Amino acid sequence: MVLRHQRWLLAASMTALTSAAYGAPAAPLATLDRDGAWVTVEAYGPNVVHVTIAADKAEALKGPGYGILAGNADHAAFRHSGGKDGDSFTSSALSLNINPAPAPRVPSMSEKYFAPQLAPVALQVKNALGQTILNMTGWDMAPTTVNGEKTFQVGASFAAPADEHYYGMGQNQESTGPLDLRGRVIDCQHWYDAPAGESVCVPFMVSSKGYGIVWDNPSPTRLVAAINGRTSLQSKVGERLSFFIITGKSADEIYAGYARVTGKTPIPPKAAFGLIQSKARYESQQEVLRVAKTYREKRYPLDIMVVDWFYWTRMGQLDIDPAQFPDPDGMNRQLHDMGMQSIVSIWPRFETGSRYFNELDSKGYLLKDKDGKTVDGLPFRSDRTGGLIDATNPAARKWFWERSRDNILSHGFDYPWLDETEPDLVPDGYVYSIGSGDRYHNLFPLLHVEGFADGMRAWKPNKRRLILSRAAYLGSQRTGALFWSSDVHPSWEALARQIPTGLNMTASGIAYWGNDIGGWQWLPQSTQATQAPLLDPSGARDTVGQNHDYPELFTRWFQYGTFLPTLRIHGDRKHTELWEFGQPAEAILARFDRLRYQLLPYLYSQAKQTYDTGAPFMRPLWMDFPQDPNVANIGTQYMFGPAFLVAPVTAQGQTEKDIYLPAGSDWYDFWTNEKHSGGRWIKAAAPIDRIPVFVKAGSIVPLGSEIQSTASKQSIAEIRVYPGRDGQFALYDDDGISYDYEQGKGNLTRLQWNDATHSLSVSGADKDLARTAQQLLKVAK
């Protein structure tokens with residue numbers, strides 16, 4: 001009993017420390033009693049309300065949970081009024097009405113037997129036009145015991161109009177095309193072994209009705225989207241409901257509210273937008289340097305080389321094997337001299353025989369079972385690779401960062417790759433320092449990565465963070481991490497799944513998402529393809545064996561990756577470099593690599609927009625064309641910034657593809673400048689050397705000069721304009737490395753296209769561009 005009480009006190013103190021780190025909760029706008037159901041309401045600006053409902057008043061009065069920036073609460077825009085119709089909270093952006101408690105009545109026989117013992121609570125939200133956009137019809141708390149802890153399963157139910165569509169909820173790889181979550185059941189939980197590919201829970205759902213719900217509960221959560229006229233969110237563990245409702249006249253207004261609640265997305269270092277070269281794994285520093293030098297010899301642009309796992313002597317040793325990497329400092333100096341940077345993988349696991357295990361075990365810095373014993377691996381996977389650092393413990397986070405810094409990063413590595421951030425050692429049934437692994441199932445990636453990010457900022461206060469992370473949670477976007485879809489298969493099916501997967505992940509507020517170009521899992525040395533490959537594999541046998549169509553698959557994947565927020569090659573193959581898939585593939589891959597670098601001014605400008613607004617720049621079509629009902633369920637194509645519509649090819653042997661061009665605009669084929677009217681499907685050519693890419697009329701696309709990496713200064717080489725309507729582009733640049741942009745020290749140049757006069761004007765920071773713009777201008781015809 002004493003031990004249990006001590007654990008409770010520790011959990012309470014840790015929760016208090018974390019709440020303090022994110023800002024103390026403000027007093028709510030109101031605390032309402034609905035015949036024993038307590039409801040609190042607070043605001044985070046004019047278009048965000050936070051609603052908490054509990055049977056226990058103390059639970060209702062607790063501040064928001066992990067990932068939420070409680071210090072950003074702001075009630076100034078709202079006024080509260082009460083009356084016979086309930087309590088209303090109104091701003092210029094929304095109106096929230098909490099229904100009054102229903103009048104007492106005698107329950108029916110069935111209600112006496114089946115009805116819940118909770119006092120009913122219902123609410124409605126109206127937008128700025130007075131239209132009801134959300135109707136919560138009820139809530140529930142069902143007693144349950146989880147991991148030996150008496151608690152509740154908690155949830156809420158909402159009306160589901162026939163024309164409502166749902167997006168977000170993190171990373172779910174079950175779809176090969178459709179995007180809308182309507183009619184689906186989504187288990188929002190981190191799960192490496194999910195059948196279609198790893199799932200990641202970011203419990204933020206966005207509706208076509210003009211609102212989003214941030215579900216403030218880190219336990220496994222289920223979304224039932226519009227089934228039998230009802231949408232529900234239900235979590236495995238909790239003593240209250242806590243959720244945020246964000247409204248907006250546009251998708252961007254909703255994401256601005258999300259940023260206010262959970263944090264801004266920083267601008268990554270400019271190198272993050274170039275090519276990142278990885279493999280599982282480069283076995284020596286000699287191999288790393290050979291690959292880097294070959295890129296430079298071939299003049300294929302490259303920014304970052306990655307050193308993946310088992311450069312160490314054993315798991316948890318947090319060292320660098322001198323037999324494989326005798327001089328990591330010298331290796332990194334050579335990379336830097338070539339204008340490259342480096343990423344190194346750092347795992348959160350510790351073998352029982354590693355040098356730190358006993359220390360971590362004795363300090364309580366590892367995940368424990370209910371008896372207080374460190375958990376060693378996963379029996380169901382025959383995994384014996386040790387204990388998991390307990391990222392919920394601030395002292396453990398500090399320890400892990402300091403050892404990683406001193407033992408690994410200090411050898412000249414620029415950035416960390418934090419792998420297994422789900423975590424892979426599933427916490428269900430086990431115990432973190434703050435409490436049950438079931439209660440905090442989805443929390444690990446936020447705290448683990450944020451602890452590292454805070455350490456990096458303190459260590460090098462004016463060098464931007466870049467962290468590769470395999471999972472995310474509410475607020476993870478603020479850590480400076482780049483996320484990817486985990487260890488997907490090198491198959492056409494897996495490629496097809498990436499497109500809707502990524503679009504719902506970015507719709508969850510995670511702007512920097514990508515995938516392992518070519519797939520990560522072991523490459524079969526044979527194929528089941530029935531069509532002749534579009535690329536000759538004869539020069540790639542050392543890589544692909546008899547997998548004849550893999551050069552084609554890799555090329556299609558790289559073409560898609562060119563139009564992703566991050567472009568990173570990876571995989572469990574003998575070779576992964578651009579020249580290892582045969583000469584025909586190499587020529588195409590090199591062309592798209594160079595195109596990626598031409599697009600850097602455009603891409604980097606989008607990064608600034610995301611920092612300013614919170615909105616992603618890899619965007620499902622519904623974000624930009626909400627009035628076109630045909631785009632609601634399209635998950636096979638997307639907008640990449642304001643100009644590009646991208647439709648990756650995901651089928652073997654495919655040389656044309658059906659493309660939908662949204663209504664309300666004309667569209668230009670990026671490759672041929674052929675013009676098409678919107679609001680219809682077309683059959684687009686897709687020969688092996690290109691994928692369908694279209695540009696919206698009125699777009700301005702700045703293209704950069706040829707460079708080998710972002711370490712070189714890049715000038716604007718061309719300004720493409722696609723006429724048909726007036727257009728503008730905010731061209732942004734800065735040093736690409738420091739945090740000076742947070743003080744507004746970047747350079748902003750505005751490009752304006754007047755379609756009536758067919759003229760381009762340039763104003764702002766780049767005076768040289770203003771003088772040369774007319775010579776660089778190229779207008780599509």
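The expected span of a helix is 1.5 Å times one less than its number of residues. In this predicted model, that rule can be applied to helix H9, which covers residues 444-459.

Considered as a whole, the protein has 16 helices and 43 strands. Its radius of gyration is 26 Å, close to the 28 Å that the globule rule gives for 781 residues, and the protein is therefore as compact as a globular protein of that length. The C-alpha trace spans about 80 × 70 × 55 Å along the principal axes, and buried residues make up 62% of the 781 residues. Among contacts between residues at least 6 apart in sequence, 70% join residues at least 24 apart. The accessible surface comes to about 28800 Å², and carbon and sulfur atoms account for 51% of this area. Charged side chains comprise 77 positive and 83 negative ones, and the centres of these two sets lie 3 Å apart.

Most residues other than glycine have a negative phi, and most peptide bonds are trans. A cis peptide bond, with omega of about 5°, joins alanine 280 and arginine 281, and arginine 281 lies in the loop between strand E17 (275-277) and helix H5 (285-298). Another cis peptide bond runs from glutamate 422 to proline 423, with omega near 5°, and proline 423 is placed in the loop between strands E22 (415-418) and E23 (431-432).

Positive phi values were also found in residues other than glycine. Aspartate 35, in the loop between strand E1 (30-34) and strand E2 (37-43), has a phi near 55°, and because its relative accessibility is 58%, aspartate 35 counts as exposed. Asparagine 228, which is not a glycine, has a positive phi of about 55° and is located in the loop between strand E14 (221-227) and strand E15 (230-238). With a relative accessibility of 80%, asparagine 228 likewise counts as exposed.

Technical notes. Residues are numbered from 1 along each chain as its sequence is written. Side-chain values use heavy atoms; hydrogens and water are left out. Helices (H or I, at least four residues) and strands (E, at least two) are DSSP runs, numbered from the N terminus. The radius of gyration is taken over C-alpha atoms; the globule rule is 2.2 Å times the number of residues to the power 0.38. Buried means under 20% relative accessible area, exposed over 50%, partly exposed in between (1.4 Å probe, protein chains only). Contact means heavy atoms within 4.5 Å. Accessible areas come from the Shrake-Rupley method with a 1.4 Å probe; for residues, only the protein chains shown count as cover. Lys and Arg count as positive and Asp and Glu as negative; His and the chain ends are not counted. The place of a charge is taken as NZ of Lys, CZ of Arg, CG of Asp or CD of Glu.
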